[in-house]
Amino acid sequence: MSDACEREQRSEKCASPKSASTTASMTLASTALESTGGQHQQQQQHQRQVELSMETDSAATSTGPAAAGRQQQHQQQLLHFHDSDMRELREIKQLLWGDSVREDVFRRWSQGFEFSDVEPSALVQKQGGPCAVIAPVQAYLLKIIIMDMPGIQLTKLPSDKCQSLLIEALCNILKNCRALRYKIVTLQRRSTKERRLTPPTNIDDASEASELTIGIDAAATVDDPTAATAAAAAATVTGNDATLLTRLNLELTPEQFHDRLHTLHFDHISEVARYYMDNYSQLSHTYGVLLFMYSVFLTKGIEQVTSDISDTSEPLIHSTYGYGAQSLINLMLTGHAVAHVWDNEQDVGGLKLRGICEQSDIGFITLMEQMRYCTVGSFFKNPRYPVWVMGSDTHLTVLFSNEKRLVSPETPSETGRRIFKSYDPEGNNFISSTLLRDVLAALNLVSEPA
């Protein structure tokens, strides 16, 4: 793979505690775009609720009790969806973080999807941890560029095109979940104590900030003079002053963040893309990476995720170092939260351990294989597109190439080797004669009835 181009996204690897000491210098690609889209989205949702209420009244008066009954049934169904989603989100929180969420680890994961100023298509990571989400997203984004935009210079991509490519990459990851309905997790702001990090940048932001001051900063005035000062500045900012200020940003504790989660349901992926296009701030603000990760888990379904993982005794985000487990990386790459990188299942000491079940769009390779800590199967080594996420003890790196001949559909010879290895988990290069019929059956070479 000598001509393969390497894009290093310095981050924390999901397999080694050594990454704790290197997190300050790790990057993939992102400076968080702070935005006020959450408030705008809340206003839109409130407007939709008002319209729904008006439709209910209209239906009740114009078509009689039958229509009103149907509308009431629909509202009860929506309430059921909401309660079910909130219950699943609590279980997802437990699965990801364990019994408690450490604030320092949570802060390292608190960033949005943001592109580099140096290379427009490169996502930047601020601190170690969220590489388990950002690296797969970067890989899918590059896959789209390679397949749909051959010959394009990455440094010449306009920012609006990069945003649409990001949304398309996120939709590809959601489609891999193969769910009947897409469940998007958003963030709502409520009137409670929140720490404002920076004042707003323009008149619109200042106006919004002054409205937030009524609930958020007014409540924090007594306990947090800094927040009160920032709130006063936000309320009195003018057009000239706005150009000298940074964007509005609210810092939430883990408890506040999870209390504000809200879900939206979509039947088609095109609706999801349209929603993200209209509410891009949901991706670029401080919690964009976390919200998308929760959307993937909720869309996949907590029951299916726990079934893939099998062993849920350890959280998927390391409680001390903050790196993501292999199950999290695999879910982002393939739509399956299995814990291993080999092909299909392997029998290890009588335990059936699940790996990758089919050729993936994006590959995965790791330096840990050279150290004989794991074995990567051909489904990951030979993906459908020449893009790989590479793991080491301290990094997740995205490798890609414009040479499409580097990957190909699995040949009959490769299929035979893969199936043979599945019956030879210890790598002895021979199997018992009693397994020969099973191997031939797996290769569709048995014509006689059993």
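A: A residue is called buried under 20% relative accessible area, exposed over 50%, and partly exposed in between (1.4 Å probe, protein chains only). This is a predicted model, in which local features need pLDDT of at least 70 and side-chain atom pairs pLDDT 80 or more, while totals for chains, interfaces and linings use all residues. Residues are numbered from 1 along each chain as its sequence is written, and side-chain values use heavy atoms, without hydrogens and water.

The protein chain has 17 helices and 10 strands (DSSP runs numbered from the N terminus, H or I of at least four residues and E of at least two), and buried residues account for 50% of its 450 residues. It holds 10 salt bridges, each a side-chain nitrogen of Lys or Arg within 4 Å of a carboxyl oxygen of Asp or Glu.

One of them pairs Glu88 with Lys183, whose closest N and O atoms are 4.0 Å apart; because Glu88 lies in helix H2 (residues 65-97) and Lys183 in strand E2 (residues 182-187), the pair ties together parts that are 95 residues apart in sequence.

Arg178 is exposed at 59%, whereas Glu358 is partly exposed at 28%.

Glu403 and Arg405 form another salt bridge, with their closest N and O atoms 2.9 Å apart; here Glu403 is partly exposed at 24% and Arg405 is exposed at 73%.
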